[in-house]
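Good morning, and thank you for coming. Today I will speak about aromatic rings and their surroundings.

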Amino acid sequence: MTGALRTAGEAFPAGADSVLSHPLFGGGLPPLAEHHLREAGLNYHLSEAAEDHLRQANRHAPDHFAVLIGFYRFYFYKGRLDEALDIGRICLAKAAREKNIAADWRDVRPEDAGFADLDDVLARFYMFCLKGYAYLNMRLGDLGEGRVAVAKLLELDPTDRVNAKLLSDVLERAERGDE
């Protein structure tokens, strides 16, 4: 895939089926886990029920990207940022394991993975996890950790395809007292 978003009705390029079958897009998700993820979404307004469905999905597909993303989104949008950060750390570690790169994001180098390759969905997911990690640390008051994570993102992605510069700008404004 080219990495560009496609509108409804546009055909996907050759090989798109293999990309869409990636676990990041729900590939390999057992039907019961998929059912519980769907129910979690439908019951989002009922926090206890939604979270129970997420736990059920996790029982059927532990450590699956789709389940982890479901937990992350639930916690993030419910304002449970500490828990979202915990899940973000798990996602970052899982992506590092699957890409066979350093477990500590501070030790990852641009040449360790295809961070500039739009077709490398796992490398891009890794960067988005790191961006979420930076953002959540900033929101939770750890501006120093957020700053270091943003700097790492800009090192891995010098063309700033994941828009880490935005977080850097927010940090600069916060330091000046503009926010």
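**Aromatic pairs in a predicted model**

At 4% relative accessibility, Phe74 counts as buried, where buried means under 20% relative accessible area, exposed over 50% and partly exposed in between, with a 1.4 Å probe and protein chains only. Tyr44 is partly exposed, at 32%.

This is a predicted model, in which local features need pLDDT of at least 70, side-chain atom pairs count only at pLDDT 80 or more, and totals for chains, interfaces and linings use all residues. Residues are numbered from 1 along each chain as its sequence is written, and side-chain values use heavy atoms, leaving out hydrogens and water.

The structure holds nine aromatic pairs. Rings of Phe, Tyr and Trp (its six-membered ring) pair if their centres lie within 6.5 Å; planes under 30 degrees apart count as stacked, over 60 as edge-to-face and the rest as tilted. Tyr44 and Phe74 form an edge-to-face pair, 6.1 Å centre to centre with 85 degrees between the planes. Ring pairs also link Tyr44, Phe71, Phe74 and Tyr75 into a cluster.

Let me turn to another pair. The ring centres of Phe65 and Phe125 are 5.2 Å apart and their planes stand at 80 degrees, so this pair is edge-to-face. Phe65 is buried at 1% relative accessible area, and Phe125 is buried at 14%.

Finally, which charged end sits over the ring of Tyr44? It is that of Lys78, 4.1 Å from the ring centre; the criterion is NZ of Lys or CZ of Arg within 6 Å of the ring centre and within 35 degrees of the ring normal. The charged end of Lys94 sits over the ring of Phe65, 4.7 Å from its centre.
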